[in-house]
Amino acid sequence: MVQDLRKAGVRDPHVLAAMQTVPRHLFVEPALASRAYEDVALPIGHGQTISRPSTVARMLEIVLARLPREQRARARALEVGTGCGYQAALMAALVGEVISIERVRGLHDAARRNLRPLRVPNLRLMFGDGRLGAPSSAPFDAVVVAAAGDEIPDALLEQMAPGARLLAPVGDGVRQALHLVERNGDRTWELTVLDEARFVPLRPGTA
Ligand code: SAH
């Protein structure tokens with residue numbers, strides 16, 4: 001899988017090492033485990049999917065690109081949309097502290113079960129509406145949103161540290177693009193629209 005990621009253009013050695021270390025088969029149903037290392041999205045129940053490894057690796061590479069290696073151990077990251085917990089585990093391998101929020105109780109519980117054998121002490125899973133972020137743990141040096149909304153929630157922009165990056169798919173069920181936001185100063189955010197994307201919808205409230 002890691003060779004495929006290199007071919008797909010992923011260069012960050014730490015992201016590649018994390019992808020090598022975190023066992024993706026622990027995050028999919030046993031019936032799909034044989035396909036866990038293919039570069040495909042797979043169903044995780046509740047109508048949701050685990051993203052393709054190349055998508056996850058690319059997003060992590062981009063969101064961490066401005067964070068030098070020596071600062072990563074002290075950095076704090078937020079994920080919106082825990083799903084099965086796979087990307088959260090990768091993030092926890094790359095930065096000092098990770099908070100991941102999921103709005104579907106069944107998935108939040110499943111992620112907890114999936115992550116237990118891996119013992120990831122620097123990852124905190126929260127159940128709730130991730131559009132609100134986690135104000136009591138802010139500011140974050142990196143924010144990754146794993147579901148597509150029609151805009152980036154203001155709360156998430158406010159919870160970015162100066163210099164932080166946020167990646168979020170923006171759009172509807174038909175057309176989405178990956179948006180990269182950098183907070184350059186206290187009140188300055190810079191938006192770059194990256195490539196087309198295909199994510200499940202960002203939904204309000206909890207289920
Ligand atoms: N990062 C996940 C991808 C899961 S798919 C992984 O590695 O598997 C996106 C997830 O976002 C879904 O589980 C969906 O329920 C969740 N989601 C959608 N809207 C949300 C919201 N407002 N708050 C938190 N999670 C949300």
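Predicted model: local features only at pLDDT ≥ 70, side-chain atom pairs only at ≥ 80, totals over all residues.
Start with the rings. A search of the whole structure turns up one aromatic pair. Its members are Phe27 and Tyr86. A pair of aromatic rings is described by the distance of the centres and the angle of the planes. For Phe27 and Tyr86 the centres lie 5.6 Å apart, with 65° between the planes. Planes over 60 degrees apart count as edge-to-face, so the Phe27–Tyr86 pair falls in that class.

Now place the two residues in the fold. Phe27 sits in the loop between helix 2 (13–21) and strand 1 (42–45). Tyr86 belongs to helix 5 (residues 86–94). The pair therefore ties together parts that are 59 residues apart in sequence. Both Phe27 and Tyr86 are buried.

The charged end of Arg24 sits over the Tyr86 ring, 5.8 Å from the ring centre. A further arginine, Arg105, lies over the face of Phe127. Here the distance to the ring centre is 4.0 Å.

Turn to the ligand. Which atoms of Glu79 and Gly130 lie 2.8 Å from a nitrogen atom of the ligand? For Glu79 it is a polar side-chain atom. For Gly130 it is a backbone N or O atom. Gly81 also brings a backbone N or O atom to a ligand nitrogen, at 3.1 Å. Taken alone, the ligand exposes 580 Å². The protein buries 99% of that area.

Technical notes
Residues numbered from 1 in each chain as written. Heavy atoms only, no water. Phe/Tyr/Trp six-rings, centres within 6.5 Å; stacked < 30°, edge-to-face > 60°. Helix = DSSP H or I, 4+ residues; strand = E, 2+ residues; numbered from the N terminus. Buried < 20%, exposed > 50% of the residue type's maximum accessible area, 1.4 Å probe, protein only. Lys NZ or Arg CZ within 6 Å of the ring centre and 35° of its normal. Polar contact = N/O pair within 3.5 Å; in protein donor to acceptor, adjacent residues only side chain to side chain. Areas by Shrake-Rupley, 256 points an atom, 1.4 Å probe, with all protein chains shown as cover.
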